[in-house]
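Visitor: I have just opened this one and would like to talk about its charged side chains. Could you walk me through them?
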Amino acid sequence: MKNIFDFLGSGFGVSLLPTAILKNRKNTGAGFLGTVVAVPFVFLIPSLPAAQIVTTVAFIFFAVWVAGKTTFGGHDNPKIVIDEMAGYFCAVCLLPRTWPVMLSAFILFRIFDTLKPFGIKKLDNIKNAWGVVLDDVAGGILANIILQIYFLVK
């Protein structure tokens with residue numbers, strides 16, 4: 001790794017293993033691993049609702065900054081997984097921190113991040129660091145909305 005931005009952007013290096021094995025492929029599984037890395041960090045996010053929102057939004061801006069500073073090259077290089085971390089934080093924001101909820105958020109987020117429904121793909125087409133992160137944020141928000149609705153009607 002050439003710098004701290006590559007280290008952070010790669011989810012502390014977790015994304016480098018599958019991308020080294022599966023060279024020149026967009027779908028390496030690195031995004032899945034990046035989301036896995038995010039799970040324990042959820043417990044470091046403050047539990048107060050306002051603090052959760054502020055922390056999540058701050059992390060989104062941090063992720064954009066880091067994604068824009070990595071040396072991996074190419075738009076939305078699979079080695080960059082800090083965007084998956086930001087998306088997962090959006091998926092679990094303001095939800096109970098129980099394993100069933102966190103697993104449901106994980107599964108929904110991964111589905112939406114992979115399929116990019118409802119115009120999310122257009123965000124991925126933005127050719128800068130915002131485009132790298134915003135499609136994941138949108139997928140996380142969509143997962144969160146579905147879970148919020150579930151808790152409202154439950």
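Guide: Before we start, a salt bridge here is a side-chain nitrogen of Lys or Arg within 4 Å of a carboxyl oxygen of Asp or Glu. Please keep in mind that this is a predicted model.

Visitor: How many salt bridges does the structure hold?
Guide: There are four salt bridges in the structure. One of them joins Lys121 to Asp124, where the closest N and O atoms are 3.5 Å apart.

Visitor: Where do Lys121 and Asp124 lie?
Guide: Both belong to helix 7, and they are three residues apart, which is about one turn of the helix.

Visitor: And is Asp124 buried or exposed?
Guide: Asp124 is buried, with a relative accessible area of 5%, whereas Lys121 is partly exposed, at 43%.

Visitor: Switching topic, which residues are linked in a network of salt bridges?
Guide: The network links Arg110, Asp113, Lys116 and Asp135. Within it, Lys116 forms a salt bridge with Asp113, with 3.2 Å between the closest N and O atoms, and Lys116 also forms one with Asp135, where that distance is 2.7 Å.

Visitor: What does the pair of Asp135 and Lys116 tie together?
Guide: Asp135 lies in helix 8 (residues 129-153) and Lys116 in the loop between helix 6 (99-115) and helix 7 (120-124), so this pair ties together parts that are 19 residues apart in sequence.

Visitor: Why does Asp113 count as buried?
Guide: Asp113 counts as buried because its relative accessibility is 6%, and buried means under 20%. Lys116, with a relative accessible area of 15%, is buried, and Asp135 is buried as well.

Technical notes
Residues numbered from 1 in each chain as written. Predicted model: local features only at pLDDT ≥ 70, side-chain atom pairs only at ≥ 80, totals over all residues. Heavy atoms only, no water. Buried < 20%, exposed > 50% of the residue type's maximum accessible area, 1.4 Å probe, protein only. Helix = DSSP H or I, 4+ residues; strand = E, 2+ residues; numbered from the N terminus.
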